[in-house]
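Please brief me on this structure.

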Amino acid sequence: MSKLVIVGTVAFDAIETPFGKTDKILGGAATFIGLSASHFNVDAAAISIVGGDFPQEYLDILSSKKIDISGIEIVKDGKTFFWSGKYHNDMNTRDTLVTELNVLADFNPVVPNNYLDADVVMLGNLHPIVQLGVLDQMTIKPKLVVLDTMNFWMDCALDDLLNVIKRIDVITINDEEARQLTGEYSLVVAARKIHEMGPKYVVIKKGEHGALLFHDDHMFYAPALPLEEVFDPTGAGDTFAGGFAGYLTKTEDYSFENMKNAVIYGSTLASFCVEKFGTERMINLEKNEVLKRMQQFKQLTQFNIELS
Ligand code: AMP
């Protein structure tokens, strides 16, 4: 069975949307990535850090999805990373209200011994030095390294971020972040500039407007499934990345053609994530629901037209 290493935050989130507000609930990039990747039955390990305030039942949720958590360090007298965000009425844009790094400020990731030869490494959103630290530990060069990041790290650790970007195969980034990283408004030009920074494949996520995949002069677009209800978009980007990386780990085919399918799986899984607050929908998501929505996705995007 192919192995997937996931690094990212395991967090407390407090979320406010036009539909309601939560207290501190389970969140974090590695959490959403792991829950999403667990749909592909790959051998996945999460690497992160939490404080003594982090409930055991949250860790049990990850274990119950067969995610190896031996790489999640628990600092007994520390506090867990905390993020709080508020969504605007369009549900596509949000303001970060609080980012408390807490235990994340002094995190030295340790990849468990049996994952040092993982096939795929998914560098989820956290400090680029931690992302680099994970890459440096791998004893065999991974077949694929995927990176997700956000504007927070562009603002406070740009040089470190550019150093990681040099060493990865795929970057997943949202449209505004692609513009911030490159200074270009056109996403096509932005993708070209990001190629020049290192990654052979660039995925630009556009929230409810889907995702674009770029590779040299090739481009692929997948819409987001139009949903009746969008309740909370938190974690949709991570869920997309988890589905993308999980599918590629399972199929062991890292070609552009197969990445198109990975984008569709990522988009499908993300479409569930937004239906409930936080991780709730992903925790209870069944295999047959995913399959049904993949069929809907196919119908949405398939057409037959004769071109003469
Ligand atoms: P997404 O909506 O996909 O961008 O991901 C939201 C998740 O990212 C939340 O669960 C947060 O805990 C986590 N998060 C927010 N800010 C950061 C940050 N600066 N670094 C790492 N993770 C973060």
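This is a predicted model: local features need pLDDT of at least 70, side-chain atom pairs count only at pLDDT 80 or more; totals for chains, interfaces and linings use all residues.

Residues are numbered from 1 along each chain as its sequence is written, and side-chain values use heavy atoms, with hydrogens and water left out. Helices (H or I, at least four residues) and strands (E, at least two) are DSSP runs, numbered from the N terminus.

**The sheet**

- Nine strands make up an open sheet with mixed pairing. Their order is β6-β5-β1-β9-β10-β11-β12-β13-β14. Two strands pair if DSSP finds at least two bridges between them.
- The edges are β6 (67-75) and β14 (218-222). Each has a single partner strand, so one side of each is left without a neighbour in the sheet.
- On average, neighbouring strands of this sheet are turned by 15° against each other, direction ignored.

**Strand pairs within the sheet**

- Strand β1 (residues 3-7) runs parallel to β5, and five bridges join them. K3 has D43 in β5 as its bridge partner.
- β5 also pairs with β6 in the parallel sense, over seven bridges. Here the bridge partner of I47 is G71 in β6.
- Strand β5 (residues 43-51) is mostly covered, with eight of its nine residues buried. Buried means under 20% relative accessible area, exposed over 50%, and partly exposed in between (1.4 Å probe, protein chains only).
- Strand β9 (residues 120-123) pairs with strand β10 (residues 144-148) over four bridges, in the parallel sense. V121 has V145 in β10 as its bridge partner.

**Helices α3 and α5**

- Two packed helices are described by the angle between their axes and the distance between the axes. Axes are lines fitted to C-alpha atoms, for helices over the stretch in contact, and angles run from 0 to 180 degrees between N-to-C directions.
- Helix α3 (residues 128-137) packs with helix α5 (residues 158-165) at an angle of about 30°, and their axes are 8 Å apart. That makes α3 roughly parallel to α5. Angles under 35 degrees count as roughly parallel, over 145 as roughly antiparallel, 65 to 115 as roughly perpendicular and the rest as oblique.
- The crossing of α3 and α5 is left-handed. A crossing is left-handed if the near helix is turned anticlockwise from the far one by less than a right angle, and right-handed if clockwise.
- P128, I129, Q131 and L132 of α3 make the contact with D160, L161, N163 and V164 of α5. Contact means heavy atoms within 4.5 Å.

**Helices α8 and α9**

- Helix α8 (residues 236-251) and helix α9 (residues 256-273) pack with their axes 7 Å apart, at an angle of about 140°. That makes α8 oblique to α9.
- The crossing of α8 past α9 is right-handed.
- Residues of α8 in this contact include F240, F244 and Y247. Those of α9 include M259, V263 and L269.

**A covered helix**

- Helix α1 (residues 29-37) is mostly covered: nine of its nine residues are buried. Among them are F32, I33 and L35.

**A loop residue**

- I140 lies in the loop between α3 and β10.
- I140 and D117 are 23 residues apart in sequence, yet 5.2 Å apart in space, C-alpha to C-alpha.
- Not counting residues up to four places away in sequence, I140 touches L116 and D117.
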